[in-house]
Amino acid sequence: MIAQVLVDVKSKNVNKTYDYLVPETFMGFLELGARVVVPFGNRAVMGFVLGFLEDSEYSKKLKSISKVLDIESFLTSELIDIAKDLSVRTNTILIRVLETILPSALKVIYKPKIMVVNFENLSEDLKPIFEYQSQVLLENIDEKYYKLINREIKNNNLTQIYEIRDLNKNLTKKFVRKTSKEFDKISDKQRLVINYLEAQKGKEELLKILLKKTNVTDSVVKTLEKHAYVETYVKEVYRKVETINEVTDKIIELNIVQEPIFEKIICKKNTNSKFLLHGVTGSGKTEIYLKTIEDVINDGKNVLLLVPEISLTPMMISRFKSRFKSLVAALHSGLSSGEKYDECRINKTKESRIVIGARSACFAPLENIGLIIVDECHESSYKQTNGLIYYAVDILEERSAIHNCPIILGSATPNIESYAKAKKGIYELLEIKERALNSKLPRIDIVNMLSEFKSGNDSPFSKKLIEEIDSRLKRNEQVILLMNRRGYANFVICRECGYVFKCPNCDISLTYHEYSNSLKCHYCGHEEKKPNTCIRCGSNELNFMGSGTQKIEKYLSEYFPTAKVYRMDNDTTRKKHSHEIILNKFQNQGDILIGTQMIAKGLDFPRVTLVGIIQADSNLFVPDFRAPEKTFQLIMQVSGRAGRRSIEGQVVIQAMNPEHYAVKYACENDYYGFYQYEMRLRRVARYSPFYYLIEIGFNGKSIRDVFYAGIEFSKQLKRFDESIIVLGPAIDQTIKIKNKYTAKIMIKYREKKDFYEKINELVDSFSSDDIYISIDNYPNVG
């Protein structure tokens, strides 16, 4: 048998499979998608088995597979097909696509080893190192010998090879089990161990726990084992992925609006129907998910559920585990590499039936899928923008078709394209226009901050918002404040010469962070001490302009010194479980929660009755056709956190442009009005959903080379098809991030065409060591 192996070499020249003989010893268990070690040139490399053949077209003698790394493959034929499609559509070599699809725990480590070729001719200084072993890890050799080793390699007395190791291993632990042998005379400490084991299920326990519970030493257990009263053994265990939220089972009966929606979905269980569940915030979409999942699980099929933010995942897991217990597995970026590895294995071994996760969970190796759900489907975090650009919703629609199962896209503010598809009949529209649990939508007040500033109020809080926060605190109710910018001050400017402190690696102003007393770049991570004088003119007249979450927190401590305030942004959520800890503390003992957009979605706190949105229109005028839609969605989503139970909620929106249509429609809770207005604008401007869009990015160290490549690429594309519209590149939009310049062109076309072949041809011709070109098929998302 012959295996077609894709080798782990990041080069377009080897972006294909190679034929290798499968040795007799590997016959019968080598699976499609398994990782193997193969000889490639003069070295050994890891590769993936992507197919099998009876005969090879290669005329020379085939090499054999050296080693199999996976007895059971994580890479299914379904995921291989998806990877090949992504490779073509994004012009990305297949091995990089597979690395994105699979958890990082499945990567291997290449450790350099030095191997003896001719010991007799070897330098006398090196002979003691290799006297008893012919291969030595380079890291175990003193660096003072490296120069000599290099010379001996050139003299063909030594050679460098690579040892391939798995990045992660299965976790094993030592257990103790009582045997059936009757005991005669044993010590008191030994009797403690025996009595403890007899009280346990299966008469076994982890050795570590046994020693702790009985307060005995390891020697006691060894003596018992010597006389065959107990036996010790090593067993594989999974790393536990637990939430700190209390798990409570709260089964709620569907109401008269939810029940018909559930029935519509269930009627199309074994079809690849696409549903857009458009329900206002607090309408009970999660309860519909739970009931539908229960029905699908009872049919013996599996479920894949995506949530947009890591901060949502612990709450989701807690709620789903209360209903479905051990059937739930989690996949998100908050897990360690080992935990992700175990969760994937749980999926693969069919021990879990429901996978909950963020974006990367769209590639979960789940089989027999009966239902796919994407909660908050409008979220831009479902799109990966670094490296391989993909959109999880698009991947899941493919998987829905493969498994012939329905997909539910749920949101209170679906993106314009999704709602347009529903209006065209591509999606089946399911709408819930009222909140569940007899709660009402919050009352919304808007404050014109220009008027506030003119009246002498220069703080980031309006008088209205301060009064409302004070009244909620007196009533022991909770408040959520959205400030969609972290840090203390947006930028630092010299009042004498106007100099703005910028990142040396990016065309971006540095943000002041008070807690670390430093200026930071939020793009590349550059950090420098807080300046005392201007580096251009030497003046000490520096102004710290704008506001971030840290400044808001400081103002609150001055206005409400006794309030328990919690802040949730990228600075406070870097550690594992930090999202969950902050939310848990706020729910149980907090008064005010400040945060960036990560607090805007999916959070359900019964005591939150007031939401304040500071600088609600701050992102309205960035050069992005989606800016009004993003602003509208953010206002609507965070507003939905207020008044989710019997007490009516209130939202105070602070804006400089309160008359802007995105702000006005959000204040009126009028999604359809916003949709119609936005559709009219996009028709005139020729954007999606009226036109298909592709964005090509050019990245390199020279602004001249990057901009020139963009111009020439644009010219050739226009010659290829005169009906398409190509915008850019624009010199004022060519920005520097991490010491590299990026220029972009936008391709618009009306009729659906297959441009991939031509675009890939142009990308290959313009790509070089100096210019990296990316293809974004989803510029309308993100």
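I began with strand E3 (residues 35–40), where five of the six residues are buried, so the strand is largely enclosed by the rest of the structure. I took buried as under 20% relative accessible area, exposed as over 50%, and partly exposed as in between (1.4 Å probe, protein chains only). Helices (H or I, at least four residues) and strands (E, at least two) are DSSP runs, numbered from the N terminus.

Basis of these notes: the model is predicted, local features need pLDDT of at least 70, side-chain atom pairs count only at pLDDT 80 or more, and totals for chains, interfaces and linings use all residues. Residues are numbered from 1 along each chain as its sequence is written, and side-chain values use heavy atoms, with hydrogens and water left out.

**Partners of E3**

Which strands does E3 pair with? I counted two strands as paired if DSSP finds at least two bridges between them. Six bridges join E3 to strand E4 (residues 43–53), and the two run antiparallel. Proline 39 stands opposite alanine 44 in E4. The hairpin of E3 and E4 has two residues between the strands, and glycine 41 there takes a positive phi near 70 degrees. E3 also runs antiparallel to strand E5 (residues 67–68), with two bridges. On that side, valine 37 stands opposite lysine 67.

**Cores**

I searched next for nonpolar cores (sets of buried Ala, Val, Leu, Ile, Met, Phe, Trp, Tyr and Cys residues joined through side-chain atoms within 4.5 Å). The largest has 91 residues, and Leu75, Phe363, Ile480, Leu593 and Ile613 have the most contacts inside it. Another core, of 26 residues, lies apart from it and includes Val296 and Ile354.

I listed the contacts of phenylalanine 363 (heavy atoms within 4.5 Å). Leaving aside neighbours within four places in sequence, they include Leu79, Ile101, Tyr390 and Arg399.

Most residues other than glycine have a negative phi, and most peptide bonds are trans. I looked for exceptions. The bond from serine 688 to proline 689 is cis, with omega near 10 degrees. Proline 689 is in the loop between helix H20 (671–685) and strand E32 (692–700). Glycine 728 and proline 729 are also joined by a cis bond, with omega about 0 degrees.

Asparagine 368 has a positive phi near 50 degrees. This asparagine 368 is in the loop between strand E15 (354–357) and strand E16 (369–375), and is partly exposed at 40% relative accessible area. Asparagine 669 has a positive phi of about 50 degrees and is partly exposed at 31%.

**Salt bridges**

How many salt bridges does the structure hold? I found 43, each a side-chain nitrogen of Lys or Arg within 4 Å of a carboxyl oxygen of Asp or Glu. Aspartate 295 bridges to lysine 269, with the closest N and O atoms 2.7 Å apart. That pair links distant parts of the chain, 26 residues apart.

Lysine 464 pairs with glutamate 468 at 3.2 Å between the closest N and O atoms. The two are separated by about one helical turn because they are four residues apart in helix H15 (residues 463–474). Lysine 464 is partly exposed at 29%, whereas glutamate 468 counts as buried at 12%. Both belong to a network of salt bridges that also includes Arg443, Asp445 and Arg472.
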